[in-house]
Amino acid sequence: MNNQKVIRGIEKASGWDAEYKASSFLTQSFEPIQDVKDFFKYLKKNKSDVLEGIVVDLGCGNGRHAMYASRNFGMYGFGYDISPAAIKEAQREQKLHEDISCEFEVWNVAKKIPLNNAVASVALDVTCSPSITSENIFNFFKEVARTMKHGGVLFSRQLILDGDDNAKELLKKSPFEDAYIHPTLQHLERVQTFDTITNLLSEFFEIAYSEKSYGYQTVGGKKFKRRYGVWYCVKK
């Protein structure tokens, strides 16, 4: 099997757009996940200066996290996602609220982030980066760092292998060393150890805080516990 050909095909025909249209897997909500709320509480207490600038949300989905930052902290948000359906939903919601200042645009992670150098004071990677192959993940975070101001803070939430038996089983059946094709969404999910991801992020950022957490996914009618790593990373 030509693994790179398979990866390119999966990346080109991502299942995210169909999922945002049908909502068979994702919970469509404009309420931020708790991990993101906790992150902004941390910023308000420890680095409130970064809340006065621009937030960029990569893989923003329906835009809920960028809009949360704008509504609650007065930030100007830029949100990017591969799914046109998700971006349309984000744009519709944004227009309903005068207290939200955000722009949303369709974007593929394989392309340059459409922002100038050193403009964002906060960046959000809310489980976007696991959709990027190991071959490209270094360049992705290099590009994220490019858009961020010195002292800006990145929130990154990624799938981790530590303690995730379901991910280990999926990897056994996968032709890829550290990734598999999600059985419901039919897109690639990269999953690595907590320490491996920490070492990668440390190439560009100082790790201010990190922890292991968990959530749940339902696949084929069965509920599985998913393991996540959460990192707060300060631009060097």
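**Exercise 1. Is S174 buried or exposed, and what is its relative accessible area?**

Solution. Start with the model: it is predicted, so local features need pLDDT of at least 70, side-chain atom pairs count only at pLDDT 80 or more, and totals for chains, interfaces and linings use all residues. Residues are numbered from 1 along each chain as its sequence is written, and side-chain values use heavy atoms, with hydrogens and water left out.

Step 1: learn the scale. Buried means under 20% relative accessible area, exposed means over 50%, and partly exposed is in between (1.4 Å probe, protein chains only).

Step 2: apply the scale. S174 has a relative accessible area of 15%, so this residue is buried.

Step 3: find the place. S174 sits in the loop that runs between α7 (165-172) and β6 (179-181). Helices (H or I, at least four residues) and strands (E, at least two) are DSSP runs, numbered from the N terminus.

Step 4: look at the partners. Not counting residues up to four places away in sequence, S174 touches A179 and Y180; contact means heavy atoms within 4.5 Å. A polar atom of the S174 side chain lies 2.6 Å from the backbone oxygen of A179.

**Exercise 2. Describe the protein as a whole.**

Solution. Step 1: count the elements. The protein has eight helices and nine strands.

Step 1: check burial. Of the 236 residues, 52% are buried.

Step 2: compare distances along the sequence. Take the contacts between residues at least 6 apart in sequence: 73% of them join residues at least 24 apart.

**Exercise 3. Which buried residues does helix α4 (residues 64-73) have, and what do they pack against?**

Solution. Step 1: list the residues. They are H65, A66, M67, Y68, A69 and S70.

Step 1: find the neighbours. These buried residues pack against α3 (34-46), β1, α5 (84-95), β3 (102-106) and β4.

Step 2: read on along the chain. Just after α4, G74 has a positive phi of about 75 degrees.

**Exercise 4. Find residues other than glycine with a positive phi.**

Solution. Step 1: recall the background. Most residues other than glycine have a negative phi.

Step 1: take A118. Its phi is near 50 degrees, and A118 lies in the loop between β3 and β4. At 40% relative accessibility, A118 is partly exposed.

Step 2: take T127. Its phi is near 65 degrees, and T127 lies in the loop between β4 and α6. With a relative accessible area of 23%, T127 is partly exposed.

Key. A polar contact is a pair of N or O atoms within 3.5 Å; within protein, one must be able to donate a hydrogen and the other to accept it, and residues adjacent in sequence count only if both atoms are side-chain atoms.
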